[in-house]
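This briefing reviews selected contacts and packing features of the structure shown below. Topics are grouped so that each may be checked directly against the coordinates.

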Amino acid sequence: MGLRIVHSGVMGFLTEKTFFGLVVLLLSAGAGAQTPLPVTTPVPQDDGKAASIGGMSTSGAHAAVLDEEHRPITAGGFVKDGPVIFQNVAEQTGLAKWQHRMGTPEKQFILETVGSGVGLIDYDNDGWLDIYLVNGSTYEAESGKAAAPHAALFHNNHDGTFTDVAAKAGVWNDRWGFGVAIGDYDNDGWADIYVTNYGKNRLFHNNHDGTFTDVAEKAGVALGNWSTGPTWGDYDGDGRLDLFVPGYVHYDIAKPPIPGSSAVAFSTCQFRGVKVMCGPRGLAPEPDHLFHNNGDGTFTDVSVKAGVADSSPTYYGLASLFVDLNGDGKLDLVVANDSTPNYLYLNKSGGVFENDSYASGYALNENGRETASMGIAAGDYLHNGLIDLYNTVFSDDYNPLYRNDGDANFTDVSYAQGIAEPTIPFLGWGTVFLDYDNDGWLDLLVANGHVYPQVDDVGWGTSWKQRPLLFRNAGGKFELVPAVKGSGLAEVAASRGLAYGDLFNDGRMDAVVNNMDAAPSLFRNVAATANHWVAFRLVGGPKSPRDAIGATVFVTANGFRQRADVLSGGSFASSSDPRPHFGLGSSTKVDKVEIHWPSGTVESIVVPRVDAIYSVTEGKGIDADKHAAKD
């Protein structure tokens with residue numbers, strides 16, 4: 001028997017375990033992990049009304065969960081002792097000198113609440129990851145009354161510090177920014193930057209000398225209005241990167257969505273009976289766009305021809321990712337939509353996709369409900385060679401983990417995994433699969449933060465600023481890692497974009513988080529482990545994209561076979577390290593490495609030793625001049 005919830009004209013079902021199981025499972029999970037026991041308090045019910053009217057929530061109200069100090073579990077639940085995984089070193093590395101800005105502290109309108117992303121990029125080809133941080137804007141800047149907040153490009157100094165070179169590089173953006181995707185669209189061997197905005201987007205072409213030029217207008221990818229989390233990928237196999245850009249809300253800053261105005265379909269906008277900003281429900285959506293790379297520096301919008309136009313109906317897109325889901329060597333496309341069903345498009349060759357969203361099981365969660373999806377993590381967490389998907393969603397709902405059962409058929413296994421209930425009070429954004437302890441099993445990291453500042457004034461067990469969540473993969477079963485006081489997992493912020501990568505070339509996965517109206521976080525991996533690893537920098541041949549986006553690498557070691565893909569996008573508005581990384585556990589050798597290049601070529605290589613980053617060129621094996629980054 002289920003509880004029937006009616007919300008914004010959409011009808012869904014919640015099972016009793018979804019509604020009542022939160023406290024029981026958090027209590028048991030918390031005790032087992034030496035986490036302070038949460039305390040539940042009653043919350044006002046909605047008296048039959050929708051949990052969210054004109055808002056993002058897609059589920060019903062849940063009981064508040066507080067820690068032993070009566071803090072919301074989203075900003076508490078810390079432990080005194082335990083394994084420390086991450087330390088926030090933003091101050092020591094120089095990143096804290098930069099601040100994100102977006103609208104006003106009151107967050108009266110949806111434009112001010114969504115936040116911005118992170119792009120990890122080796123823009124100068126020195127073998128070290130640099131950091132691009134997208135900034136928002138203010139109403140004063142938009143009207144020309146104040147200087148616009150600048151984006152940042154932090155150059156990696158190879159000594160544990162970073163220097164902001166955005167002004168010199170010409171990548172300030174100075175628009176109301178949201179997403180970033182990194183990709184070498186012209187195959188010149190230098191990574192370029194695509195930035196999405198409210199207003200026109202930018203395509204920063206890498207000039208090979210530390211500077212960039214915005215060529216979006218000339219290239220035909222500037223668009224307009226409100227774009228979000230883009231992705232690069234060669235969907236038609238011509239060796240050139242194409243570009244997908246989700247659209248969110250069609251927004252007019254001169255006519256903001258005030259309840260009762262012509263811009264909103266509702267006379268009031270509420271969350272649990274409290275007045276909040278409107279949207280996305282009740283607002284006009286913005287369509288998605290697929291741009292085909294013409295090979296001459298320009299792109300053609302082929303959204304309708306390819307079957308991904310998002311036009312009937314149009315949904316609220318926030319994140320997207322090109323990735324091969326059924327193992328046929330062609331890039332498929334997934335789109336995380338806010339408060340509406342998700343998209344899964346299967347690549348049918350000939351430049352055409354088939355909308356397999358509902359048939360695949362990815363459109364809805366296990367209760368048959370649409371979710372307010374924000375970010376996408378993609379990875380093979382079970383070592384079966386199949387890409388699984390994990391979505392972050394709104395608070396009062398759980399983050400679904402979609403297990404790939406083969407041929408791009410997915411099953412929501414969050415409850416079966418025991419990781420559904422802990423996420424319910426949290427509002428998730430950026431998310432990634434990463435192997436933080438190099439044991440060979442992909443873990444899950446989630447950045448969180450609310451969109452309604454008003455939640456700090458009520459007893460709902462959630463908060464504006466929230467801590468991240470880390471789930472350790474213990475041989476195919478996830479478990480929540482306790483947040484130790486003073487560590488990165490105990491940092492609270494209104495977090496949005498999240499990207500991961502080996503920022504210090506030490507074989508450990510670090511993470512960068514873009515926080516609303518604050519300095520970013522740089523979570524350096526300090527996990528105590530002696531496990532080994534290997535990573536690859538891939539260079540595509542003449543029939544593959546030069547940066548090898550779309551390539552899949554299989555590594556056999558330590559008794560199992562792992563998969564990693566070269567991807568651009570996915571995590572909310574962000575792009576992570578393009579170098580496939582593999583934890584090897586205690587193994588000191590790699591039995592086999594098999595690379596499936598975007599061209600269709602399959603190549604096997606032999607690595608001379610572990611604990612190194614190897615540069616591999618398609619058809620040529622390991623580069624003699626770049627043998628290993630740890631030499």
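The model is predicted.

*Pairing and burial of β42*

- Five of the five residues of β42 are buried, and the strand is accordingly described as mostly covered.
- In a regular strand, side chains alternate between the two faces of the sheet.
- Strand β42 pairs with β36 in the parallel sense, over five bridges.
- Within β42, Val616 is the residue that stands opposite Leu538.
- Strand β42 also runs antiparallel to β43 (residues 621-622), to which two bridges join it.
- The bridge partner of Thr617 in β43 is Gly621.
- Three residues lie between the strands in the hairpin of β42 and β43, where Gly619 takes a positive phi near 85°.

*Nonpolar cores*

- The largest nonpolar core has 39 residues, of which Leu203, Trp232, Phe536 and Leu538 touch the most other members.
- At least two residues of this core come from each of α5 (216-219), β16 (242-245), β36 (532-539), β37 (552-557), β39 (581-585), β40 (592-596) and β42 (613-617).
- In soluble globular proteins, nonpolar side chains tend to be buried together.

*Disulfide*

- The structure holds one disulfide, which joins Cys269 to Cys278 with an S to S distance of 1.9 Å.
- The torsion about the S-S bond of Cys269 and Cys278 is about 100°, and the disulfide is therefore right-handed.

*Salt bridges around Arg472*

- Arg472 forms a salt bridge with Asp437, in which the closest N and O atoms are 3.2 Å apart.
- Arg472 belongs to strand β31 (residues 469-473), whereas Asp437 lies in the loop between β29 (428-434) and β30 (443-448), so this pair ties together parts that are 35 residues apart in sequence.
- Arg472 also forms a salt bridge with Asp439, the closest N and O atoms being 3.6 Å apart.
- Because Asp439 lies in the loop between β29 and β30 and Arg472 in strand β31, this contact ties together parts that are 33 residues apart in sequence.
- Arg472 is partly exposed, at 26% relative accessible area, whereas Asp437 is buried at 9% and Asp439 is buried at 13%.

*Other salt bridges*

- The count of salt bridges comes to 21.
- The side chains of Arg403 and Asp405 meet in a salt bridge with an N to O distance of 2.7 Å.
- Arg403 is partly exposed, with a relative accessible area of 29%, and Asp405 is partly exposed at 41%.
- A network of salt bridges links Asp67, Glu69, Arg71 and Lys485.

Notes:
Residues numbered from 1 in each chain as written. Predicted model: local features only at pLDDT ≥ 70, side-chain atom pairs only at ≥ 80, totals over all residues. Heavy atoms only, no water. Salt bridge = Lys/Arg side-chain N within 4 Å of Asp/Glu carboxyl O. Buried < 20%, exposed > 50% of the residue type's maximum accessible area, 1.4 Å probe, protein only. Helix = DSSP H or I, 4+ residues; strand = E, 2+ residues; numbered from the N terminus. Disulfide = S-S within 2.5 Å. Core = buried A, V, L, I, M, F, W, Y, C linked by side-chain atoms within 4.5 Å. Pairing = 2+ DSSP bridges.
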